[in-house]
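This report sets out selected features of one structural model. The sequence and the coordinates are shown first, and the discussion follows.

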Amino acid sequence: MTEKLFYTDSHLQEFTAEVVSCRPCDNGYEAVLSRTAFFPEGGGQAADTGVIDGIRVYDVQEKGDQIFHYLEGELKEGKTVTGQIDWDKRFSRMQQHSGEHIVSGIVHARFGYDNVGFHLNDELCTLDLSGPLTKEELREVENAANEAVFANVPVQISYPSKEKLKTLDYRSKIEIDGQVRIVTIPGYDVCACCAPHVYFTGEIGLIKLVQSQNYKGGIRITMLCGRRALKDYQQKEESVKAIMGSLSAKEELIAEAVERVKEECTQLKSELAETRYQILEAQAEKIPEGQKKVCIFDSKLSGNEPRELMNLVLKKGTEVCAVFAGNEESGYRYVIGSETEDVRPYSKILKEQFDGRGGGKPVMVQGSVNGSEEAIRKVFE
């Protein structure tokens with residue numbers, strides 16, 4: 001049985017232990033120590049990493065009453081070794097996990113929702129709640145969670161007896177066999193949990209709910225705590241300052257300035273669309289009246305413009321109009337239309353001769369084709 005030092009001291013960074021066993025495995029070696037400060041994957045939290053006698057530990061898993069350390073090199077059985085966990089990674093995870101307990105406890109107490117899912121990696125922490133929350137309610141939860149941090153209350157660990165457990169009101173996502181480990185944050189949460197936590201809530205630092213989305217009838221919240229929240233704030237501060245410089249606007253007026261630019265952009269797009277249509281009209285006007293077949297190549301056409309130009313040309317009495325947008329290097333996008341003739345045979349020829357794609361109805365076909373302008377024009381001569 002491996003002694004779990006991470007339970008007796010969650011802040012233990014270095015320890016010594018005896019190597020009980022070490023055997024080859026798929027990606028190196030798996031070793032069992034007499035005791036360990038490495039937390040194995042569990043409870044939604046990833047395993048610790050670090051080194052043992054200078055050999056990298058890339059994963060830790062618990063199987064039965066033993067904890068297996070997966071290493072890149074071999075340890076000698078019976079030897080006393082020194083293990084060091086990646087403390088920055090561990091402490092960041094403890095900040096997130098302890099912060100999640102506070103948020104989930106507050107939501108459960110105020111709104112009656114359960115935490116039905118939890119995932120913690122080295123970038124984000126997400127929690128899934130069984131009911132919806134408004135923006136105002138999320139802000140209320142966030143404020144209350146940070147008050148818990150400011151209060152710097154102790155995070156208490158206990159192992160109640162079965163009799164005591166029956167009378168204890170605590171949160172748990174799963175049925176637990178054997179001894180139950182309870183993490184209590186007085187005034188905020190009582191929850192069954194196997195992971196290491198901070199000693200005091202003040203160690204968590206800032207708690208920030210950065211994103212939320214509807215999820216399976218409830219809500220999924222993405223949160224950041226401590227150093228991660230600070231990093232997120234710094235990145236957003238840089239973005240805000242960059243926008244301030246670009247718009248020549250004060251920080252408190254950024255939203256207003258962005259909205260103004262958005263409105264100007266919408267207006268310019270409308271004016272551009274109108275101008276582009278006028279250009280298409282002028283382009284169609286150059287086509288002689290009553291010309292039976294017209295084939296137009298224009299690399300500047302985009303969006304729905306090929307179809308608009310085709311319709312303008314057909315209004316002049318042209319029997320068949322084909323418009324090709326693009327170039328020989330990257331290929332052409334085409335539309336072919338007629339008010340008097342079935343144009344599907346043209347699409348068939350383009351497919352056969354130029355490895356084209358497309359189709360449509362008798363009055364209009366569209367697709368893509370690769371070939372030279374000269375060769376394609378011959379189809380319509």
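## Cysteines

The sulfur of Cys 194 lies 5.5 Å from the closest cysteine sulfur, that of Cys 193, which is too far for a bond. For Cys 321 the closest cysteine sulfur belongs to Cys 295, at 8.2 Å, and this too is too far for a bond. Across the whole structure the search returns zero disulfides, a disulfide being a pair of cysteine sulfur atoms within 2.5 Å.

Cys 194 is partly exposed at 29% relative accessibility, whereas Cys 321 is buried at 0%. Here buried stands for under 20% relative accessible area, exposed for over 50%, and partly exposed for values in between, with a 1.4 Å probe and protein chains only.

## Basis of the model

The model is predicted, so that local features need pLDDT of at least 70 and side-chain atom pairs count only at pLDDT 80 or more, while totals for chains, interfaces and linings use all residues. Residues are numbered from 1 along each chain as its sequence is written, and side-chain values use heavy atoms, with hydrogens and water left out.

## The six-stranded barrel

Six strands form a closed barrel in the order β2-β3-β7-β6-β5-β8, with antiparallel pairing. On average, neighbouring strands of this sheet are turned by 45° against each other, direction ignored; axes are lines fitted to C-alpha atoms, for helices over the stretch in contact, and angles between N-to-C directions run from 0 to 180 degrees. Strands (E, at least two residues) and helices (H or I, at least four) are DSSP runs numbered from the N terminus, and two strands pair if DSSP finds at least two bridges between them.

Strand β2 (residues 14-25) is joined to β3 by six bridges, and the two run antiparallel. A hairpin of two residues connects β2 to β3, and Val 19 has Leu 33 in β3 as its bridge partner.

## Strand β3 and its neighbour β7

Strand β3 (residues 28-33) is largely enclosed by the rest of the structure, because five of its six residues are buried. It pairs with strand β7 (residues 66-71) through four antiparallel bridges, and Ala 31 stands opposite His 69 in β7.

Gln 66 is also found in β7 and is partly exposed at 28% relative accessibility. Not counting residues up to four places away in sequence, Gln 66 touches Thr 2, Val 32 and Gln 61, contact being defined by heavy atoms within 4.5 Å. The C-alpha atoms of Gln 66 and Leu 165 are separated by 26 Å, with the two residues 99 apart along the chain.

## Salt bridges

The count of salt bridges comes to 18, each requiring a side-chain nitrogen of Lys or Arg within 4 Å of a carboxyl oxygen of Asp or Glu. In the bridge between Lys 79 and Asp 53, the closest N and O atoms are 3.3 Å apart. This pair links distant parts of the chain, 26 residues apart: Lys 79 is in the loop between β7 and β8 (80-85), and Asp 53 is in the loop between β5 (50-52) and β6 (55-63). Lys 79 is partly exposed at 41%, as is Asp 53 at 35%.

Asp 88 and Arg 227 meet in a salt bridge of 3.5 Å, N to O. Asp 88 lies in helix α2 (residues 87-111) and Arg 227 in helix α5 (residues 227-247), 139 residues apart. Arg 227 is partly exposed at 45% relative accessibility. The bridge between Glu 305 and Arg 276 has its closest N and O atoms 2.8 Å apart; it connects helix α7 (residues 305-314) with helix α6 (residues 254-285) across 29 residues. Glu 305 is buried, with a relative accessible area of 10%.

## The surroundings of His 101

His 101 lies in helix α2 and is buried, with a relative accessible area of 1%. Its side chain makes a polar contact of 3.3 Å with that of Asp 189. A polar contact is a pair of N or O atoms within 3.5 Å; within protein, one must be able to donate a hydrogen and the other to accept it, and residues adjacent in sequence count only if both atoms are side-chain atoms.

Leaving aside neighbours within four places in sequence, the contacts of His 101 include Arg 171, Val 183, Ile 185, Cys 191, Cys 193 and His 197.
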